Amino acid sequence: MQIADYSALMIFLVIALVVAGVITLLANQFGPKNRTRQKAMPYEAGSDPIGSPKQTRFSVKFYMIAISFILFDLETIFVIPWAVAWKQNDVMGHGLYAFGVMFVFVSILTIGLVYEWKQGGLEWD
Amino acid sequence: MLHALMQTGFPLLGLLTPPSGAEYAALIPGAIAALVAMLVVLVDTFHRPGTRRDYLAYISAVGMGVVVLSCWALWDSTIDRPVFHGMLYLDKFGLFFAALAAAAGGLALLQVPAYMNFQRMDRGEFYMLVLFSVSGAIFMANAADLLTVFIALELMSIPVYCLAGYMRRDGRGAEAAMKYFVLGAFSAGLMLYGMALIYGVTGTTNLEYIGINLSRVIETGAVETGFGMIVLGVLLVLSGFAFKIAAVPFHIWTPDVYTGSPSPGVGFMSTVVKAGAFAAMLRVLFVAFEDPMLRGGFYGTGWVDVLFFMSAASMVLGNTVAIMQDNIKRMLAYSSIAHAGYILLGIVAAGARPEYFLFNDAVLFYLASYTFGTVGAFGVLSYLGRKGTTVETYEDIAGLGLKYPFAGLMMGVFMFSSAGIPPTAGFVGKLYIFRAAVDVGVQTGEFAFIGLSVLAVLTSVAGAYYYLRVLVCMYMKEPTRDDWVEASESKSARLSLGICAALTLALGILPATMLELSREGVVDFQGVPASVREVQREGGEQLKQIRDAAERSREPAPKGEVPQG
């Protein structure tokens with residue numbers, strides 16, 4: 001594959017950029033503008049905004065949920081193919097080995113869970 | 001991987017069978033480190049609030065000691081092919097680095113209680129992060145596959161990113177963690193991209209197969225199409241390693257991160273992370289990228305030339321910028337850049353031609369000498385402090401040498417070692433590195449190597465200025481404020497400093513044992529092509545002769561001494 005083979009792609013990229021840029025520019029320059037207060041307001045699903053987003057603080061507690069989710073999500077992703085393939089493993093005589101490997105994996109994750117629990121990562125408040 | 005195995009006629013069934021029992025030996029050092037880390041997690045979970053966590057330091061240090069012992073026990077059980085379907089090596093080279101990483105980790109952790117007591121930040125996470133990172137460094141040194149290299153690199157780095165932000169109430173800590181994480185993630189991404197390109201050309205991630213396939217691609221003249229990809233891949237992989245070892249074009253993060261991170265953690269990250277990255281770099285360069293076309297040096301342009309300029313730039317920049325610093329941690333950060341330059345000089349000399357492969361032992365020895373000196377120096381910085389802070393600037397330590405003789409003496413040993421002044425390890429390390437470069441220069445008639453070692457000597461003279469300035473401040477200046485700083489009561493910190501100093505002096509006065517170990521590590525380096533294996537065999541025979549001669553000279557025992565078995 002030579003660089004020249006990609007020339008069509010490059011031409012396409014340039015045309016796409018130019019067309020998009022020109023349309024935006026034209027709309028910006030010649031489009032009719034009549035600003036009203038209603039239009040300048042931030043869109044919040046049609047209702048009137050309650051206070052400015054600059055001053056509103058929100059809880060970041062959700063990140064703990066997100067991290068726990070990743071933990072268990074990964075566990076599921078690894079366990080399901082293992083469970084599906086376990087029968088073949090057993091037929092080949094490596095059943096106990098496959099079980100042991102997954103046991104090690106799950107117990108490492110369990111230590112993480114114990115840590116999270118004791119640190120209060122599962123409490124909402 | 002699968003593709004490569006089929007290509008080389010490896011039976012596919014082999015992939016589906018579990019590895020044999022003997023192969024698990026390759027896991028032992030890294031697995032022990034990980035187990036100790038998990039043990040510390042569990043123990044800390046059930047920690048009684050309100051009491052101190054010093055015992056975690058003892059548990060970790062004992063665990064790290066067990067890792068070192070396991071390396072010693074496994075020393076003669078090399079397996080001559082990569083185990084776990086081509087994922088890990090078990091050889092003396094890897095074990096050398098594993099023992100080094102574990103020793104440095106254990107020594108750094110022993111200093112933590114003193115530091116935590118000053119900073120009022122006694123939390124168990126510090127120990128866990130360091131221990132997980134040690135296990136990553138160990139796996140990185142044993143990696144036989146680009147995937148293992150990358151996973152181990154992340155296992156080593158991610159805890160260190162958290163460690164950088166450990167002082168969460170300190171704005172500089174947050175800055176350090178953020179910078180380190182963003183730049184580190186970026187460089188890891190670049191490295192992964194390089195690995196993807198290499199995989200694209202060779203169809204395998206196993207280092208040995210990459211070496212074979214790259215040579216084949218270059219030989220058969222498929223170069224036309226693929227060579228740009230190979231070059232880009234090699235450069236990207238190199239840049240990933242250069243970031244971790246803080247060599248010059250990729251050093252920008254170092255001073256800020258080292259200044260913002262907790263002192264014992266810096267001692268850890270400037271030694272273990274660097275050692276792990278150097279080990280993996282040696283593996284990748286000498287196993288996968290060993291083709292003369294990629295090696296360069298005398299045949300054209302290759303990684304030897306890239307490292308040559310990185311080495312020169314690191315030495316010059318590190319040593320000159322360090323002179324102007326007021327903060328000791330910042331000064332040590334620049335000095336660690338300079339040390340990376342010296343180590344690269346050794347790699348350049350050893351990589352110049354296949355027959356100089358054994359000069360890598362200077363690299364291993366230098367890393368060992370650098371490790372103990374640096375962990376110790378940061379240990380002294382965490383050993384002196386007061387409520388809420390530890391010493392950092394030259395002003396802070398003014399006059400402390402006489403007030404706290406132990407700390408002053410220790411700092412003296414570590415600074416002399418870093419500056420490379422005779423009875424210490426740093427001198428012997430520098431001597432062997434420079435000698436390797438000069439030898440290569442003389443043997444090949446290539447003056448660039450001699451020029452580079454002259455530059456190295458000159459820059460290390462410049463380095464003596466700022467290392468000795470620490471001692472001048474400690475001994476020849478009046479304290480700026482009375483009772484501002486006190487020495488820690490912690491016995492473990494004192495033990496750690498003592499061990500570091502003893503090792504630094506021992507490596508300087510009696511370097512033979514460590515030299516022999518590093519020579520054995522290089523001779524036993526697995527996976528190299530046949531031309532280098534020949535060199536290794538000769539080196540092994542030489543080593544045997546030296547040992548026999550030493551044995552013979554010991555036999556007519558002096559009076560009053562019992563001859564050793």
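In chain B, helix H18 (residues 328–351) and helix H22 (residues 425–444) have axes that come within 9 Å and cross at roughly 35 degrees, where axes are lines fitted to C-alpha atoms, for helices over the stretch in contact, and angles run from 0 to 180 degrees between N-to-C directions. This is a predicted model, in which local features need pLDDT of at least 70 and side-chain atom pairs count only at pLDDT 80 or more, while totals for chains, interfaces and linings use all residues. Residues are numbered from 1 along each chain as its sequence is written, and chains are lettered from A and ligands numbered from 1 in the order in which they are written. Helices (H or I, at least four residues) and strands (E, at least two) are DSSP runs, numbered from the N terminus.

**H18 and H22 of chain B**
- The crossing of H18(B) and H22(B) is left-handed, a term used if the near helix is turned anticlockwise from the far one by less than a right angle, with right-handed used if clockwise.
- From H18(B), B:Tyr342, B:Leu345, B:Gly346, B:Ala349 and B:Ala350 meet B:Lys430, B:Ile433, B:Ala436, B:Ala437 and B:Val440 of H22(B), contact being counted if the C-beta atoms of two residues, placed from the backbone, lie within 7 Å.
- The residues of this contact divide into eight nonpolar, one polar and one charged, where Ala, Val, Leu, Ile, Met, Phe, Trp, Tyr, Cys and Pro count as nonpolar, Asp, Glu, Lys and Arg as charged, and the others, Gly among them, as polar.

**H3 and H8 of chain B**
- Helix H3 (residues 28–45) and helix H8 (residues 125–141) of chain B pack at an angle of about 165 degrees, with their axes 8 Å apart, which makes H3(B) roughly antiparallel to H8(B) (angles under 35 degrees count as roughly parallel, over 145 as roughly antiparallel, 65 to 115 as roughly perpendicular and the rest as oblique).
- H3(B) passes H8(B) in a left-handed crossing, and the contact has 14 nonpolar, two polar and no charged residues.

**H19 and H21 of chain B**
- Helix H19 (residues 360–383) and helix H21 (residues 405–419) of chain B cross at roughly 145 degrees, their axes coming within 9 Å, and this crossing is left-handed.
- Among the residues of H19(B) in the contact are B:Gly373 and B:Gly376, while those of H21(B) include B:Met410 and B:Phe414.
- By class, the contact of H19(B) with H21(B) comprises eight nonpolar, five polar and no charged residues.

**Sheet of chain B**
- Three strands of chain B form an open sheet in the order E4-E3-E5, with antiparallel pairing (two strands pair if DSSP finds at least two bridges between them).
- Strand E4 (389–390) and strand E5 (486–487) of chain B stand at the edges, each with a single partner strand, so one side of each is left without a neighbour in the sheet.
- Two bridges join strand E3 (residues 384–386) of chain B to E4(B), and B:Gly385 has B:Thr390 in E4(B) as its bridge partner.

- The contact takes seven residues from chain B and nine residues from chain A, and H3(B) supplies the largest share of the chain B side, four residues.
- The side of chain B that touches chain A has five nonpolar, two polar and no charged residues.
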